[in-house]
Amino acid sequence: MTASITPERPSAAEGQRGRPLIVTEDEELLDDLLRLCAAAGAEPEVAHGALTRRGSWEAAPLILVGDDSAARLCDRARREGVLLIGRDLDDHGIWRRAVALGADNVAFLPDAETWLVDRIADVAEGVGRQALTIGVIGGRGGAGASTLACALAVTAARSGRRTMLIDGDPLGGGLDVLLGGEGAQGLRWPAFAESRGRVAGSALEESLPELHSLRVLSWDRGDSVVIPPSAMRAVLAAARRRGGVVVVDLPRRVDDAAAEALAQIDLGLLVVPAELRAVAAAHRVASTVGMVLRDLRAVVRGPCGPELGDEEIAGLLGLPLAGELPPEPGLADAFEGGEPPGGSPRGPLGRFCAEFWARALADGGGVTA
């Protein structure tokens, strides 16, 4: 169990790697905190009740203070990132000690172990601003959602942004194939199917194939593997913690794993060909996805006719219009020649993606209309 003493605020050292500081003389508590640090991949500095290294209180990105040591530290300078660790939920005096210490939160073990591991791991990974996460969904089969997802990722990587592309559609054939890297070395989804709890963002990134300056999590060519919701949640959360942008290619059917992905997406793009039958199919997809994802926008894949323009299609779907995606002659030939979707910045697909990112990242990472 945890409880906040002050409003949530970022640590003073947010975005910087560092060693957490543990201050306690309780050997049993110290053993527990060292175990949690090991689970988070962090090597802490330990002070047995007294701070022996000058500046350690000020420099540590996170400080874990055992309740046994709280009274001795009340004269320390107030700072962010101090957690008071206790065990007795019925000890109401711990709240007075937390206020006197200037702690951000009180964490009670063992209830708060998972939460505390996450906080420690954030320090170990140097977590800063989370990635802007875009989900791409086809309004019907063959709408071109996977092509757009790849093009968005390729375009973001070309601009120098840290980019990760995640294939959330097990029946889509594999995004690594679209990128021409089905033989590239690295892990695929089956390796993460049993993931539980927290996945280290840096380890995830380093383990994936690198294609066109971006990291890709796709499917292998083996038997179909069911990805549990917990694995989707853990993997996507790890990808987002790395910052930059994350693009997720999503299935039209919202199962439990897809719902977990949708819950972490900032903006969804529904790709709809400019055809009445496609609009009817996309309406059903939009109704289902819209129950989980707040910000869903239509991308109309042209050419659009005079009777059915992009704004009319978006209106029929009840969605904001993200833009019209014009046809790109020669896309198949470019793929055969080894060029990924969006590989040409001057092509219609590359220009659409560049304009999309310019708007989406206009405020430094937030999503704009």
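So, surface first: the accessible surface of this chain comes to about 16,700 Å², going by the Shrake-Rupley method with a 1.4 Å probe, where for residues only the protein chains shown count as cover. Carbon and sulfur atoms own 50% of that surface. Keep in mind that this is a predicted model, where local features need pLDDT of at least 70 and side-chain atom pairs count only at pLDDT 80 or more, while totals for chains, interfaces and linings use all residues. Residues are numbered from 1 along each chain as its sequence is written, and side-chain values use heavy atoms, with hydrogens and water left out.

How many of the residues are tucked away? Of 369 residues, 51% count as buried, meaning under 20% relative accessible area, with exposed being over 50% and partly exposed in between (1.4 Å probe, protein chains only). The C-alpha atoms fill a box of roughly 75 × 40 × 35 Å along the principal axes.

On to secondary structure: we've got 13 helices and 14 strands. Those are DSSP runs, H or I of at least four residues for helices and E of at least two for strands, numbered from the N terminus. If you take contacts, so heavy atoms within 4.5 Å, with a separation of 6 or more, 71% of them come from residues 24 or more positions apart.

Now let's zoom in on helix α3, residues 93–101. Its buried residues are G93, I94, A98 and L101. They sit on the same side of α3, because they cover an arc of only 145° around the axis, using the directions from the helix axis to the C-beta atoms. And what do they pack against? That would be α2 (56–59), β4 (63–66), β5 (82–86) and β6 (105–108). Just after the helix, G102 takes a positive phi of about 80°.

Next, a quick stop at helix α8, residues 229–241, which holds S230. S230 has a relative accessible area of 17%, so it counts as buried.

The structure holds zero disulfides, a disulfide being a pair of cysteine sulfur atoms within 2.5 Å. For C150, the nearest cysteine sulfur belongs to C353 and is 10 Å away. Is C150 buried or exposed? Buried, at 0% relative accessibility. C37 is buried too, with a relative accessible area of 0%.
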